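Student: Could you walk me through this model, feature by feature? I would like to learn how to read the strands and helices.

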Amino acid sequence: MEGLDLKQLSAMVGIIAEEKGLPEETVLDVVQMAIAAAWRKDNGDKEMNVRALLDTNTGKATVFIGREVIEDDLAYNPATEIPLAEAKKIKEDAKIGDVVEESEEVKEFGRVAAMTAKQVVISRLREAERDAVLTAFEDKIGTVMTGVIARVEPRVVKIDLGRAVGIMPKSEQIDGEYYTVGERIKVYIKGVEHDDARAQLILSRGNAAFIEYLFRQEVPELENGSVEIKGIAREAGRRTKIAVVSTVPGVDPVGTFVGGRGMRVQAIMNEIGDREKIDIINWSDNPSEYIREALSPAEVVKVEINGKKAKVFVNEDQQSIAIGRQGQNVRLASKLTGYDLDIELAKAPEKKKRKNAEDSLLSALSQSNDEAEDTPEGSETK
């Protein structure tokens, strides 16, 4: 066989697998794909459904050409279809819709076909090796690693993590953050996405889990369980709200996360940028109290809860604070608490209303007295 020695290739399957760190089955599948592609190049049509089997003990290769069974006397594509009568000669119980296969032993390839096979082997092995590396990162999911920015595109940033290159989509980036090729950067390993063609490592700096991981590096009390994170709501690059609680009496959870002189929270902001504000609030199992805390720094007058909806009443001077710029504060508070929050103005207190009425009455009496004093003595007032 010209340019492609199947016996030699069969013997190399184990060696290639060891060198590439791949299972032998994966390497064998690649070789068989290459044989099928080469045979199709020499003997068939690119539309043909061809698979190959390689006996690694003997070096013998066989290809199987599959065609779909169709009705007799219909126009058909001989590369992919076969009439029922003809199919029954190959498989007696063949019926319309079945796929029947014809086998043929591979004996030799032309030069072009051999080159095709080699290209397939090289390409497929490279893809398999990359996918194997990415699969190895699956036990790193949920951790943060440091990588080097390899390429910056309009909607994606490619980051080299040493053994693999991952992508950080626009949706996983910090809004307003700028990325420079060659810059070292911390990223959260969000997951490995698999499709029919390849695996892809997905990285993030914009998700809530990235913030939680950073706090776990700065707050050792999280590891010993004296404080806990109950929830995080984040709009990356703008604002994050994090609800915390203490499991030990006397421990201030908010102060623990902020740290002495704010050192702990400042370390987080040094990583994500000072454009993003971080609100650390006390968690409460009382929904009304939790909602009040979540809307911080706004002062809440009253909360009325109905199912998963809540009306939050605030004074007029607190309304814009509760809602936040472009609705950000109430939106994050809603996400954090799990309640649909509706901000409404509180009614003026009855005491204040009575005081206003009393002031009006006193003003009227005062005006009447003034008018009486201005009336000349002995004259009548009509």
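Student: Which residue stands opposite Arg 239 in β11?

Tutor: In general, strands of a sheet pair through backbone hydrogen bonds, either parallel or antiparallel. Here Glu 235 is opposite Arg 239. Two strands count as paired if DSSP finds at least two bridges between them, and helices (H or I, at least four residues) and strands (E, at least two) are DSSP runs, numbered from the N terminus. Before we go on: this is a predicted model, in which local features need pLDDT of at least 70 and side-chain atom pairs count only at pLDDT 80 or more, while totals for chains, interfaces and linings use all residues. Residues are numbered from 1 along each chain as its sequence is written, and side-chain values use heavy atoms, leaving out hydrogens and water.

Student: In which sense do β10 and β11 pair?

Tutor: Strand β10 (residues 227-235) pairs with β11 in the antiparallel sense, over eight bridges. Val 227 has Ser 246 of β11 as its bridge partner. The hairpin has three residues between the strands, and Gly 237 there takes a positive phi near 90°.

Student: And what is the strand order in the open sheet?

Tutor: The order is β10-β11-β12, three strands with mixed pairing. β10 and β12 are at the edges with a single partner strand each, so one side of each has no neighbour in the sheet. The parallel pair is β11 with β12 (residues 277-282), joined over six bridges, and there Val 244 stands opposite Asn 282.

Student: How many residues of β11 are buried?

Tutor: Buried means under 20% relative accessible area, exposed over 50%, and partly exposed in between (1.4 Å probe, protein chains only). In β11 (residues 239-246), seven of the eight residues are buried.

Student: Which residues of helix α8 are buried?

Tutor: In α8 (residues 263-272) they are Arg 264, Val 265, Ile 268, Met 269 and Ile 272. Seen down the axis, these fall within an arc of 140°, so they line one face of the helix; the arc is that of the directions from the helix axis to the C-beta atoms. The face turned away carries the exposed Met 263 and Asn 270. After α8 comes Gly 273, with a positive phi near 100°.

Student: What covers the buried residues of α8?

Tutor: Contact means heavy atoms within 4.5 Å. Among the elements covering them are α5 (208-218), α7 (253-258), β10 and β12.
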